[in-house]
Amino acid sequence: MLKQRKDLLGLKDLSKEEIIHIINTAKEMKAVLGQDFKKTNHLQGKTVVSLFYENSTRTRLSFELAAKYMGANAANISASGSSIQKGETVIDTARTIDAMATDILIMRTNMSGAPHLIAPHVKASVINAGDGMNEHPTQALLDLYTMIEKRGDVSGFKVAIIGDVAHSRVARSNIYGLTKLGAKVYVAGPSTLMPYGIESLGATKCGSVGEAVADADVVMGLRLQLERQKRGLFPTIREYCNFFGIDDDCLKLAKKDALLMHPGPVNRGYELTSSVIDGKQSVIDEQVTNGVAIRMAIMYWLSQGGVI
Ligand code: CP
């Protein structure tokens, strides 16, 4: 089969048309999730392997369920308990999985660029399930899908992304995707957690959370990566919450019907208060549901040669 796109490595190199195609396909896939009998034959006979070097609940399980709903053979392998612990290189590990007639290889890793590194060495389609501080394209696609499902379109939207932007692959992929679809992205966070040159990606850097959130259509909190505190990148958790935590008063600055989003896992009471997490503007649970639909759409699209 002639493949227009073999792999999904990031939103940086995905076109607007490809993003829209995946989102439209996910709409059809979501209907399957509402059925009593959740089974299609879109990936019948195909083999999907998840290779996770980092912990995950949402991404790993949603890929596995998505593969099974579409009739694929699905298997998982994690770094602990595998030959990665014996010193096998990432390319050799990928080639080993490929040699077992794998059609789709899903990879999560703390090594930025590792999915890009293995992709040319394997016949399988490689899907980046989050690589270091680089990208988390399937998360951004499910975020875009959720916004479009709720509001119809994101063109002209103001989207505020708040928190540790520097270490966030979710923020980076969302900036690429949102700007391609015509939204405006405003970012705010501690200056030590704001990457140099973020404006070159198309985002506007704000001096305060209030400035970013003011009149926003979407407010997206990022996970407070508590491990960073040990490195002195922000003074205390209490101070972080005071300045960068999203609570009811903060959310009131946004549009009345603004969506509250978070990729998860949430540190309840830190980057978001329980009141906003469980409030009526929160679409966090819907993001999780849509994650299954979007991953079904991505795997089906790649299995068909990535053609639009
Ligand atoms: N959003 C996300 O990637 O969550 P997991 O780490 O649970 O997969």
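User: What is the relative accessible area of Glu199, and how do I read it?

Analyst: Buried means under 20% relative accessible area, exposed means over 50%, and partly exposed lies in between (1.4 Å probe, protein chains only). Glu199 has 40%, so Glu199 is partly exposed. Lys205 is partly exposed as well, with a relative accessible area of 40%. A word on the model: it is predicted, so local features need pLDDT of at least 70 and side-chain atom pairs count only at pLDDT 80 or more, while totals for chains, interfaces and linings use all residues. Residues are numbered from 1 along each chain as its sequence is written, and side-chain values use heavy atoms, with hydrogens and water left out.

User: Which residue forms a salt bridge with Glu199?

Analyst: A salt bridge is a side-chain nitrogen of Lys or Arg within 4 Å of a carboxyl oxygen of Asp or Glu. For Glu199 the partner is Lys205, and their closest N and O atoms are 3.9 Å apart. Elsewhere, salt bridges with shared partners join Arg5, Asp13 and Glu18 into one network.

User: How many salt bridges does the structure hold?

Analyst: The count is 12. Take Glu18 and Arg5: their side chains meet in one, at 2.8 Å from N to O. Glu18 lies in helix α1 (residues 16-33) and Arg5 in the segment before α1, so this pair ties together parts 13 residues apart in sequence. Helices (H or I, at least four residues) and strands (E, at least two) are DSSP runs, numbered from the N terminus.

User: Are Glu18 and Arg5 buried or exposed?

Analyst: Glu18 is buried, at 6% relative accessible area. Arg5 is buried too, at 18%.

User: Which residue does Lys150 bridge to, and where do the two sit?

Analyst: Lys150 forms a salt bridge with Glu286, with 2.5 Å between the closest N and O atoms. This pair links distant parts of the chain: Lys150 is in helix α5 (residues 137-151), Glu286 is in helix α11 (residues 284-303), and they are 136 residues apart. Lys150 is partly exposed at 34%. Glu286 is partly exposed at 27%.

User: How many disulfides does a search of the whole structure find?

Analyst: A disulfide is a pair of cysteine sulfur atoms within 2.5 Å. The search finds zero. The closest cysteine sulfur to that of Cys206 is in Cys250, 12 Å away, so it is too far for a bond. Cys241 also has its closest cysteine sulfur in Cys250, at 12 Å, again too far for a bond. Cys206 is buried, with a relative accessible area of 8%.

User: What is the order of strands in the open sheet?

Analyst: Two strands pair if DSSP finds at least two bridges between them. Here four strands follow the order β2-β1-β3-β4, with parallel pairing. The edge strands, β2 (73-78) and β4 (125-131), each pair on one side only. Neighbouring strands are turned by 15° against each other on average, direction ignored. Strands β3 (residues 104-109) and β4 run parallel, joined by five bridges. Ile106 has Ile127 in β4 as its bridge partner.

User: Which strands does helix α2 lie across?

Analyst: Contact means heavy atoms within 4.5 Å. Axes are lines fitted to C-alpha atoms, for helices over the stretch in contact, and angles run from 0 to 180 degrees between N-to-C directions. Helix α2 (residues 58-69) lies across β1 (47-52), β2, β3 and β4, and runs at about 160° to β2. Helix α11 packs on the sheet too, touching β1, β3 and β4, with its direction at about 150° to that of β4.
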